[in-house]
Amino acid sequence: MKKSEIIDILLKKRGVCIRIKKAFYTDVEIMKASYKKLWKLLVDKEMSKGDLHKKSGLSSSTMTKLRKGEDVSMEALRKICVALDCNIADIVEFVPDNAES
C-alpha cells in the first residue's frame, strides 16, 4: 500500500461539524513507454527504421518521437502493429521513469 497523508477538514455548516478525509498519495511511480522491443523486432525481421517508416506510413515527426522514446498516439502504435504483423505488447512496454526522481 502506498503512503498517504490524511488531511482532516472541518466544515461548519448550520452549526453541524462535518469531518471529511482526503488522501493524497505521495509515492506515485511515474512510468514511461519503452520501444526497445520494437527495435529488437525490427532487427529480427531484418528491417531498418526507414523500412518501418515507409511500410507503416508514419510521419517523420512520429518516427522522431519513437527514436527519442517519447509518447506516440495509439493510432501510430496500431499502424506499426499492422505493418509488422504483431501485437502492441511486442513493440512497447512501460518502465519506471527514473528521470522524474
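## Overview of the fold

Helices (H or I, at least four residues) and strands (E, at least two) are here DSSP runs, numbered from the N terminus. On that basis, the protein chain contains four helices and four strands, and their order along the sequence is β-β-β-α-α-α-α-β. This is a predicted model, in which local features need pLDDT of at least 70 and side-chain atom pairs count only at pLDDT 80 or more, while totals for chains, interfaces and linings use all residues. Residues are numbered from 1 along each chain as its sequence is written, and side-chain values use heavy atoms, with hydrogens and water left out.

A residue is called buried under 20% relative accessible area, exposed over 50%, and partly exposed in between (1.4 Å probe, protein chains only). Of the 101 residues in the protein chain, 23% are buried. The chain exposes about 7,800 Å², of which carbon and sulfur atoms supply 52%; accessible areas come from the Shrake-Rupley method with a 1.4 Å probe, and for residues only the protein chains shown count as cover. A contact means heavy atoms within 4.5 Å. Among contacts in the protein chain with a separation of 6 or more, 48% join residues 24 or more positions apart.

## The nonpolar core

In soluble globular proteins, nonpolar side chains tend to be buried together. A nonpolar core is defined as a set of buried Ala, Val, Leu, Ile, Met, Phe, Trp, Tyr and Cys residues joined through side-chain atoms within 4.5 Å. The largest such core has 19 residues, and those with the most contacts inside it are Tyr35, Leu38, Leu52, Leu66, Ile80, Leu84 and Ile91. Helices α1, α3 (60-68) and α4 (74-84) each supply at least two residues of this core, and the largest share, six residues, comes from α4.

Tyrosine 35 illustrates the range of partners. Not counting residues up to four places away in sequence, tyrosine 35 touches Leu66, Gly69, Glu70, Asp71, Val72, Leu77, Ile91 and Val92.

## Helix α1

Helix α1 spans residues 36-44 and includes leucine 42. The buried residues of α1 are Leu38, Leu41 and Leu42. Seen down the axis of α1, these residues fall within an arc of 100°, so they line one face of the helix; the arc is that of the directions from the helix axis to the C-beta atoms. The face turned away from the buried side carries the exposed residues Lys36, Lys40, Val43 and Asp44. Cover for the buried residues of α1 includes α2, α3 and α4. Just after α1, glutamate 46 takes a positive phi of about 55°.

Leucine 42 counts as buried because its relative accessibility is 3%. Leaving aside neighbours within four places in sequence, leucine 42 is in contact with Met47, Ser48, Lys49, Leu52 and Leu84. Leucine 42 and leucine 52 are ten residues apart in sequence, and their C-alpha atoms are 8.0 Å apart in space.

## Helix α4 and its cysteine

In α4, the buried residues are Ala76, Leu77, Ile80, Cys81, Ala83 and Leu84. They cover an arc of only 165° around the axis, which puts them on the same side of α4. Met74 and Val82 are exposed on the other side of α4. The buried residues of α4 are covered by elements including α1, α2 and α3.

The structure holds zero disulfides, a disulfide being a pair of cysteine sulfur atoms within 2.5 Å. Cysteine 81 is in no disulfide, and the nearest cysteine sulfur, that of cysteine 86, is 4.2 Å away. That distance is too far for a bond between the sulfur of cysteine 86 and that of cysteine 81. Cysteine 81 counts as buried, at 12% relative accessibility.

## Two buried serines

Serine 34 is found in strand β3 (residues 31-34) and counts as buried at 11% relative accessibility. A polar atom of the serine 34 side chain lies 3.5 Å from the backbone nitrogen of lysine 36. Leaving aside neighbours within four places in sequence, serine 34 is in contact with Ile91, Val92, Glu93 and Val95.

Serine 56 has its place in helix α2 (residues 49-56) and is buried, with a relative accessible area of 10%. A polar atom of the serine 56 side chain lies 3.3 Å from the backbone nitrogen of leucine 58. Beyond neighbours within four places in sequence, serine 56 is in contact with Lys79 and Ala83.

Notes: A polar contact is a pair of N or O atoms within 3.5 Å; within protein, one must be able to donate a hydrogen and the other to accept it, and residues adjacent in sequence count only if both atoms are side-chain atoms.
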